Amino acid sequence: MSRALCALVALSALGVAGCVGQAAPVPMDLAPIETPVVHQSPKPELGRPIAGLTKAEAEAYLQRLAPMVVQRVLTAGERARLQSEGELAVAPIVEAWTKEPGFAEAARLFVETTLNVSGAKDGVDYSLPGNLAAVLAAQGRPWRELVTSELCYARDGSPTACDGDAPFKGGGLLTTRAYLKSRASRFNLTRASTMMRTFACRAYPMENNLQLRAPKAELLGMFQAQSAAEAEAADPRSVSGAANGAACYTCHGQFAYHSQLFVKFDEEGHYRASADGVQDPAGELGRSLNGTMASHFAPGRAANEEAYVFSAKVANLAEAGKALADNPTYVECAAEFFLNWSLGLQWGIVDYDRNLMSAIAERARKGGDPSLGRIVVELYSDALVMKSLAKKEP
Ligand code: HEC
């Protein structure tokens, strides 16, 4: 096992040791639905103060992080400061990093790697998400703007329209063709799952008390199903869905709302006001007409973009971006993704203690909606993160 992975296993194991069950969920449907068990340890254990690193460990810690976070190695001045002040120098040094152009570049690479989009191809500018990230990081603007911004930016930082030509304002990178086209799929499932994974660190099914389910009666028959037989009876073509388990509604009752937000964006990433989300009778399952995708909802409701993101009612993708960013999961998830990215790991490999990320996020939010820089400072100066990544002996 690599050193990074060992350290991270330690990071999550600390949480497992104090693992407690989740509070009783609030079911949205009469049928009881099981949701994931979340690792959670008591809060007071976690916090910034002292990690107990030696001066050499503190130096090695930032030496390892610098190439990713600020795109260079440590300067002689930084090394000298770490050698004299030890771990107390970590927060101020990382804070100074976040003001450097290298950090804006890191933010770009972070978002490009996370979404796997960059460059340009077939007339689509896949650099818009990364450009937005770089501008936000360079200007110290709130990281929430990644999914709420009304503007996108060209490579040189000049403002330009986000190119999905949505009629509403806002939604940031969610309304770029880079996002929409690269994640186009039947029933808009990949656009929805990428959104929840990247900006809330959640997979389906997520906690009942986090995300409402759409009323069963409004959904297509197969998504109401709680068994493979019910699903097959509703639509024989749906059996492939059983690969994820037979209780379709458990996951797709939540998917229904998130995928609905994309119902008017065709597979090229353009908004089509006339799209109605109704299954193309002659087409593959999950496809509607003119390159748009079918809704989870039955005809009638299918054309309406309205949805719930968590417990917030939203009219469209722009309001969805706000609801995503308003939830505490947003900053927690940014910290978690950034940590994984900076260590060269993929999200999902390490099962972090939820309270670790929420303690980091809480500190980052103290001064209002945090910039990426603020989140990163709190992340790397967290005592538990430092100890887990840098301490030679526990
Ligand atoms: C544990 C959660 C879960 C359950 C249960 C579940 N699904 Fe899914 N389903 C998913 C996920 C996740 C995807 C992939 C989404 C993506 O593209 O990122 C998916 C994809 C699909 C797709 C699209 C497949 C494709 O090739 O594009 C269909 C159709 C589908 N599910 C139907 C069903 C049906 C019908 C059932 C019940 C028999 C079911 N699912 C049960 C989570 C689930």
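The buried residues of α8 are Leu189, Arg191, Ala192, Met195, Met196, Thr198, Phe199 and Ala200, where a residue is termed buried if 20 or more other C-beta atoms lie within 10 Å of its own, exposed if 12 or fewer, and partly exposed in between, with C-beta atoms placed from the backbone. The structure is a predicted model, in which local features need pLDDT of at least 70 and side-chain atom pairs count only at pLDDT 80 or more, whereas totals for chains, interfaces and linings use all residues. Residues are numbered from 1 along each chain as its sequence is written. Helices (H or I, at least four residues) and strands (E, at least two) are DSSP runs, numbered from the N terminus; on this basis the chain contains 16 helices and 6 strands. Of its 394 residues, 49% are buried.

The cover over the buried residues of α8 includes α5 (101-115), α7 (177-182), α11, α12 (317-326) and α13, contact being defined by C-beta atoms, placed from the backbone, that lie within 7 Å. The expected span of a helix is taken as 1.5 Å times one less than its number of residues, so the 12 residues of α8 should span 16 Å, in agreement with the 16 Å between its end C-alpha atoms. Among the buried residues of α5 are Phe103, Ala107, Phe110, Val111 and Leu115.

Most residues other than glycine have a negative phi, and most peptide bonds are trans. Asparagine 188, in the loop between α7 and α8, has a positive phi of about 60 degrees although it is not a glycine, and is buried, with 29 other C-beta atoms within 10 Å. Just after α8, cysteine 201 takes a positive phi of about 55 degrees; this cysteine 201 is buried as well, with 21 other C-beta atoms within 10 Å. Asparagine 116, which follows α5, likewise has a positive phi, near 55 degrees. In the loop between α8 and α9 (221-224) lies proline 205, which is joined to tyrosine 204 by a cis peptide bond with omega of about -5 degrees.

With residues up to four places away in sequence left out, isoleucine 375 touches Trp143, Val331, Ala334, Ala335, Phe338, Ala364 and Pro370. Across the chain, 68% of the contacts between residues at least 6 apart in sequence join residues at least 24 apart.

Around the ligand there are 26 residues, of which Gly241, Asn244, Gly245, Cys248 and Cys251 come nearest, a residue being near if its C-beta atom, placed from the backbone, lies within 6 Å of the molecule. The elements that give two or more residues to this shell are α8 (189-200), α10 (228-234) and α11 (248-260), and the largest share, 4 residues, comes from α11. By class, the shell has 14 nonpolar, 11 polar and 1 charged residues, with Ala, Val, Leu, Ile, Met, Phe, Trp, Tyr, Cys and Pro counted as nonpolar, Asp, Glu, Lys and Arg as charged, and the others, Gly among them, as polar.

Notes
Contact = placed C-beta atoms within 7 Å.
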